[in-house]
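Let's take a friendly walk through a protein model. Have a look at the chain first, and then read on.

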Amino acid sequence: MTRGMLDCLIIGGGPAGLTAAIYLARFRRRLSVVDGGDSRARLIPIAHNLAGFPDGIPGDELLARMRAQARRYGVALTPGTITGLQQDEHGSFLAEMANGSQIVAQTVLLATGVADRHPDLPDLHGAIQRGLIRYCGICDGYESTGKHIAVLGRGCSGLGEAIFMRTYCSDITLFSMDTPL
């Protein structure tokens with residue numbers, strides 16, 4: 001089944017995709033968000049780095065509020081996965097969904113986020129929920145101010161994260177996995 005032409009297809013329903021959807025809907029654009037439902041923002045026990053939430057907000061609550069706001073402006077939120085994307089001779093995009101349906105759009109915004117490679121640690125999910133393990137130094141670095149921090153990373157990327165975290169504390173240990181520095 002092919003739907004009518006959209007102004008924009010947003011692939012990814014995390015904070016970036018939903019923010020774009022809210023703005024585009026308010027600009028009266030015809031759009032849809034396709035989301036696999038795996039935003040890592042849902043793992044955040046409480047985020048303090050968002051304007052308007054001085055006491056913080058859990059990631060899953062943030063996503064729920066953003067979805068509700070997008071729906072208020074008429075955004076179609078479609079659960080699913082895009083398996084193919086191609087551009088036709090006129091510059092329009094045809095997105096193929098895993099369920100066989102197709103979406104046609106003038107533009108596509110990729111807001112797919114990051115797919116983490118999870119370390120093999122006991123009770124990883126519980127440690128994330130308790131705020132003991134964080135995935136984003138930009139988002140969560142401030143939460144670690146003055147604490148002892150261990151950065152688990154690979155090569156220069158892990159080293160870069162450790163150097164960045166020095167913004168918040170001076171006691172950092174880098175565990176480099178698989179790749180020499």
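This is a predicted model: local features need pLDDT of at least 70, side-chain atom pairs count only at pLDDT 80 or more; totals for chains, interfaces and linings use all residues.

Residues are numbered from 1 along each chain as its sequence is written, and side-chain values use heavy atoms, with hydrogens and water left out.

Let's begin with the helices. Two packed helices are described by the angle between their axes and the distance between the axes. Here, helix α1 spans residues 15-26 and helix α2 spans residues 59-72; they pack at an angle of about 20°, with their axes 9 Å apart. That makes α1 roughly parallel to α2 (angles under 35 degrees count as roughly parallel). Helices are DSSP runs of H or I with at least four residues, and strands are runs of E with at least two, numbered from the N terminus. The axes are lines fitted to C-alpha atoms over the stretch in contact, and angles run from 0 to 180 degrees between N-to-C directions.

Next come the charged pairs. Side chains of opposite charge can pair when their charged atoms come close. How many salt bridges does the structure hold? There are 4, a salt bridge being a side-chain nitrogen of Lys or Arg within 4 Å of a carboxyl oxygen of Asp or Glu.

| Salt bridge | Distance, N to O |
|---|---|
| Arg65 and Glu61 | 2.9 Å |
| Asp123 and Arg130 | 3.3 Å |
| Arg134 and Asp140 | 3.4 Å |

Arg65 and Glu61 are 4 residues apart in helix α2, so about one helical turn separates them.

Finally, look at the strands. Leu152 lies in strand β7, residues 149-153, and is partly exposed, with a relative accessible area of 41%. Leu174 belongs to strand β8, residues 172-176, and is partly exposed too, at 27%. Leu174 and Ala150 are 24 residues apart in sequence, yet 5.8 Å apart in space, C-alpha to C-alpha.

Notes. Buried means under 20% relative accessible area, exposed over 50%, partly exposed in between (1.4 Å probe, protein chains only). Angles under 35 degrees count as roughly parallel, over 145 as roughly antiparallel, 65 to 115 as roughly perpendicular and the rest as oblique.
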